[in-house]
Each structure stands twice: as C-alpha cells, then as structure tokens.
Amino acid sequence: MKLNRLIAAAAIVLACAFCTAQAAPTMAKHMQKGVTCEQCHNSSAPAAAAKSKACMKCHNYQDLAAASAAKKVALNPHDSHAGQLRCTLCHKEHEQSVLYCREFPAVSYSRRQEAR
C-alpha cells in the first residue's frame with residue numbers, strides 16, 4: 001500500500017515538473033532578462049494576461065514582422081491580414097504558445113479571404 005502511494009506521489013511530482021518545463025519557455029526568457037510580472041501586469045500577483053500595450057513597451061510590431069519574414073516562415077503571424085492581433089492570442093507565458101491563425105479550419109480561412 002505504501003509503495004502504491006509512493007509511486008503515485010512520484011508520478012504527480014514528475015507530471016508537475018514536466019508541465020512546468022513545457023510552460024516555461026516564454027516566461028523563462030523574460031525572467032532571464034530581469035522582467036518581472038509587475039512590469040507587464042501592473043500587479044505582483046496577476047489575475048489576467050498582460051495587455052498588448054505592455055508588450056509593445058519592449059517589442060516593436062514592425063520589427064517582429066520583419067524578423068518573422070526574414071525567417072521565411074510560411075505564415076507570418078506578425079503580418080496578419082487581420083491587422084495587429086493581440087499578442088496573447090499566440091504568446092502564452094504559462095503554457096505552450098500557439099499559432100492562433102492555425103486554430104481555424106481551412107474552410108473558414110478561405111471564406112474569410114473570399115469576403116475581403
């Protein structure tokens with residue numbers, strides 16, 4: 001019985017460590033540069049994602065678009081047909097970031113293009 005509890009506890013610890021490792025990349029970059037939660041969230045205990053205005057204090061949207069274009073990515077998320085999107089649609093501090101535009105089905109994307 002004790003062995004089962006020990007194994008279960010070890011599994012939980014490993015799962016939490018794995019989740020933290022997956023969630024940390026963007027947050028880790030900010031922490032390495034000395035950026036605190038309060039600088040972006042205006043609170044030492046944030047309850048919501050930072051606003052894009054906070055991101056733009058340090059990041060320039062046009063520079064990001066140029067850097068993405070230089071990487072020759074198939075879909076430049078910083079040069080969207082929808083204009084400047086909210087940073088947190090893609091960039092996640094506490095979980096894996098996503099490419100927001102890929103969240104939509106291809107049919108939906110083609111219909112939006114036709115409507116333009």
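Is Asn42 buried or exposed? Asn42 is exposed, at a relative accessible area of 63%. Exposed means over 50% relative accessible area, buried means under 20%, and partly exposed is in between, with a 1.4 Å probe and protein chains only.

A word on the model. It is predicted, so local features need pLDDT of at least 70 and side-chain atom pairs count only at pLDDT 80 or more, while totals for chains, interfaces and linings use all residues. Residues are numbered from 1 along each chain as its sequence is written, and side-chain values use heavy atoms, leaving out hydrogens and water.

Back to Asn42. Asn42 sits in the loop between α2 and α3. Helices here are DSSP runs (H or I, at least four residues), numbered from the N terminus. The phi of Asn42 is near 60°, which is positive in a residue other than glycine.

Now the pockets. Rolling a probe the size of a water molecule over the atoms shows where empty space is left. A pocket is an open set of points on a 1 Å grid over the protein atoms alone, where a 1.4 Å probe fits, with protein on both sides within 12 Å along at least five of seven lines. Lining residues have an atom within 4 Å of a point. Volume is the space filled by probe spheres set on the points, with points joined across faces, edges and corners.

The largest pocket holds about 1,400 Å³ of space. Its lining has 49 residues, and Thr26, His30, His59, His91 and Glu93 lie nearest the centre. Which helix gives the most to that lining? α1 does, with eight residues. By class, the lining of the largest pocket has 26 nonpolar, 14 polar and nine charged residues. For those classes, Ala, Val, Leu, Ile, Met, Phe, Trp, Tyr, Cys and Pro are nonpolar, Asp, Glu, Lys and Arg are charged, and the others, Gly among them, are polar.

The second largest pocket holds about 150 Å³. Asn42 is one of its lining residues, and so are Cys40 and His41. Both α2 and α3 supply at least two residues of this lining. Seven of the lining residues are nonpolar, two polar and three charged.

Next, α4. Tyr61, Ala65 and Ser68 are buried there. They share one side of α4, because they cover an arc of only 65° around the axis. That arc is taken from the directions from the helix axis to the C-beta atoms. An α-helix has 3.6 residues a turn, so residues three or four places apart point the same way. The face turned away from the buried side of α4 carries the exposed residues Gln62, Asp63 and Ala70. At the start of α4, a side-chain oxygen of Asn60 comes within 2.9 Å of the backbone nitrogen of Gln62. Just after α4, Lys72 has a positive phi of about 55°.

For Cys58, the nearest cysteine sulfur is that of Cys40, 6.6 Å away. Cys101 is in no disulfide either, with the sulfur of Cys90 nearest, at 6.3 Å. Cys58 is exposed, at 66%, and Cys101 is partly exposed, at 21% relative accessibility.

Last, Ser97. Ser97 is in the loop between α4 and α5. Ser97 is partly exposed, with a relative accessible area of 29%.

How values were computed. A polar contact is a pair of N or O atoms within 3.5 Å; within protein, one must be able to donate a hydrogen and the other to accept it, and residues adjacent in sequence count only if both atoms are side-chain atoms. A disulfide is a pair of cysteine sulfur atoms within 2.5 Å.
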